[in-house]
Amino acid sequence: MRQIAIFGFGVVGGGLPEVIESCREGINNLLGEEINVKYVLDLREFPDSPYGDRVVHDIDLIVDDPEIEVVCETMGGAHPAYEFSVKAMEHGISVVTSNKEVVATYGDKLLETAEKNNVSYLFEASVGGGIPLIRPFSTSLAQENIVSVSGILNGTTNFILSKMKSEGREFSDVLAEAQSLGYAEKDPTADVDGIDAARKITILAALATGCLADVDKVHAETVRNITPADIDAAERMGGAVKLIGSFRRTDGGICLYVCPQIVGKDNALSGVDDVYNAISVKCEITGDVMFYGRGAGRYPTAGAVLADVTAILSGAAAAEKRQKFTKTDGIVPFEDVKFSYYVRVAADSPADTLEAFANLFDFAFTIDGSPAGTVEIICGNATKRELDSALENVGGVESVIRILE
């Protein structure tokens with residue numbers, strides 16, 4: 001019997017024992033023995049849970065127990081998750097986590113602590129929920145030069161944008177539905193304002209480059225301002241509006257950002273709907289690789305946690321070379337990255353408006369089917385600084401959305 005502990009008995013941590021039970025046969029085939037949850041660390045009591053008698057409130061009871069081989073940190077938040085993870089590893093216990101905030105913020109220190117104490121720190125569940133994503137970066141693609149990563153990294157916003165497209169509803173209306181279904185928190189800020197996706201793209205960029213950016217410096221934009229008119233315009237262009245988290249290499253260095261973008265129908269990301277996630281990885285040798293699946297949820301995420309646990313207990317993790325993270329401030333400012341844009345302007349004369357845009361950008365053309373009294377233009381290539389400067393000379397701008405290329 002292999003003994004583990006859980007830090008945090010919420011959505012993911014509470015689902016982990018159920019997933020272990022469901023996967024009992026597979027675990028036995030892989031390890032030749034069972035996994036047992038010996039302790040649950042939480043501030044609360046769980047008298048109605050079959051694991052209620054395993055709840056403790058003192059971390060020392062866990063880290064001082066020589067039987068504990070792995071701790072599953074599913075607490076959320078940076079603190080005390082960081083301190084508890086460090087303490088466990090300093091006691092010779094490996095740690096796996098679903099906590100994207102702590103990985104994005106302290107991944108460099110946590111990996112260093114793991115190496116120093118000859119244990120593992122794994123975080124498959126921190127990005128993409130149940131999608132097997134992190135391990136391929138560290139194994140199958142470890143030798144690759146990863147040029148860029150673009151992905152739908154937040155299921156809540158993807159659900160909202162998909163519903164707006166299929167039903168023609170307003171953002172606020174669909175957000176309320178997402179909250180009623182449990183897809184969005186009462187305070188949806190982290191999801192709809194791009195904070196959650198920013199943490200995830202920070203982790204993926206670190207896996208691709210070894211450089212861990214300051215997540216607070218990753219450009220993140222909200223989807224709150226997307227309207228049915230924007231969704232309709234994207235459809236007429238043959239695409240869809242998606243919240244995209246991106247990492248890409250430029251001549252000046254690496255750039256990370258999260259923002260709503262119009263994704264053309266020739267890109268597989270445009271057809272990813274509902275709460276699903278998809279991540280497109282462009283490699284110098286392999287070319288384009290796509291990962292797709294449920295990006296969140298109690299059981300898919302707990303399943304990813306269990307995958308890391310079994311990798312450690314089977315010895316597979318010890319054979320995997322892990323990327324070291326080094327903190328960096330050297331990321332290219334988002335304002336210096338060039339994009340093409342969709343711009344909607346309230347105007348009566350399409351010809352005059354188009355001429356004005358043609359004088360301001362490398363290219364500009366209108367799209368068909370614009371609502372009465374508006375002109376819709378595709379223009380570029382321009383940085384945010386150049387765009388903002390140009391639009392100062394254009395009145396009546398109603399919407400600006402970047403186009404994924």
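Author: The dialogue below turns to salt bridges, a helix face, helix packing and a loop residue.

Author: This is a predicted model, in which local features need pLDDT of at least 70 and side-chain atom pairs count only at pLDDT 80 or more, while totals for chains, interfaces and linings use all residues. Residues are numbered from 1 along each chain as its sequence is written, and side-chain values use heavy atoms, with hydrogens and water left out.

Reader: How many salt bridges does the structure hold?

Author: A salt bridge is a side-chain nitrogen of Lys or Arg within 4 Å of a carboxyl oxygen of Asp or Glu. By that criterion the structure holds 34 salt bridges.

Reader: Which residue forms a salt bridge with Glu33, and what parts does the pair tie together?

Author: Helices (H or I, at least four residues) and strands (E, at least two) are DSSP runs, numbered from the N terminus. The partner of Glu33 is Arg2, with 3.5 Å between the closest N and O atoms. Glu33 lies in the loop between helix 2 (24–31) and strand 2 (35–41), and Arg2 in strand 1 (residues 2–7), so the pair ties together parts that are 31 residues apart in sequence.

Reader: Are Glu33 and Arg2 buried or exposed?

Author: Buried means under 20% relative accessible area, exposed over 50%, and partly exposed in between (1.4 Å probe, protein chains only). Glu33, at 27% relative accessibility, counts as partly exposed, whereas Arg2, at 15%, counts as buried.

Reader: Where do Asp388 and Lys384 lie, and what separates them?

Author: Asp388 and Lys384 are four residues apart in helix 15 (residues 384–391), a separation of about one helical turn. They form a salt bridge whose closest N and O atoms are 3.0 Å apart. Asp388 is partly exposed, with a relative accessible area of 36%, and Lys384 is partly exposed at 22%.

Reader: What is the case for Glu177 and Lys163?

Author: Glu177 forms a salt bridge with Lys163, the closest N and O atoms being 3.5 Å apart. Glu177 belongs to helix 8 (residues 171–180) and Lys163 to helix 7 (residues 155–167), so the pair ties together parts that are 14 residues apart in sequence. Both Glu177 and Lys163 are buried. A network of salt bridges links Lys163, Glu167, Arg169, Asp173 and Glu177.

Reader: Which residues of helix 8 are buried, and where do they fall as seen down its axis?

Author: The arc in question is that of the directions from the helix axis to the C-beta atoms. In helix 8 the buried residues are Phe171, Val174, Leu175, Glu177 and Ala178. Seen down the axis of helix 8, they fall within an arc of 160°, so they line one face of the helix. The face turned away from that buried side carries the exposed residues Ser172 and Ser180. Helix 8 is followed by Gly182, whose phi is positive, near 85°.

Reader: What covers the buried residues of helix 8?

Author: Contact means heavy atoms within 4.5 Å. The cover includes helix 7 and helix 9 (189–192).

Reader: How is the packing of two helices described?

Author: Two packed helices are described by the angle between their axes and the distance between the axes. Axes are lines fitted to C-alpha atoms, for helices over the stretch in contact, and angles run from 0 to 180 degrees between N-to-C directions. Angles under 35 degrees count as roughly parallel, over 145 as roughly antiparallel, 65 to 115 as roughly perpendicular and the rest as oblique.

Author: The axes of helix 4 (residues 81–90) and helix 5 (residues 100–116) come within 10 Å and cross at roughly 15°; the two helices are therefore roughly parallel to each other. Among the residues that meet are Tyr82 and Met89 in helix 4 and Tyr106 and Leu110 in helix 5.

Reader: At what angles do helix 5 and helix 10, and helix 7 and helix 11, cross?

Author: The axes of helix 5 and helix 10 (residues 195–209) come within 9 Å and cross at roughly 50°, and these helices are therefore oblique to each other. The axes of helix 7 and helix 11 (residues 228–236) come within 9 Å and cross at roughly 75°, which makes helix 7 roughly perpendicular to helix 11. Leu161, Met164 and Lys165 of helix 7 make the contact with Pro228, Ile231 and Glu235 of helix 11.

Reader: Where is Pro371 found?

Author: Pro371 is found in the loop between strand 16 (363–366) and strand 17 (374–382). At 33% relative accessibility, Pro371 counts as partly exposed. Leaving aside neighbours within four places in sequence, Pro371 is in contact with Arg236 and Glu376.
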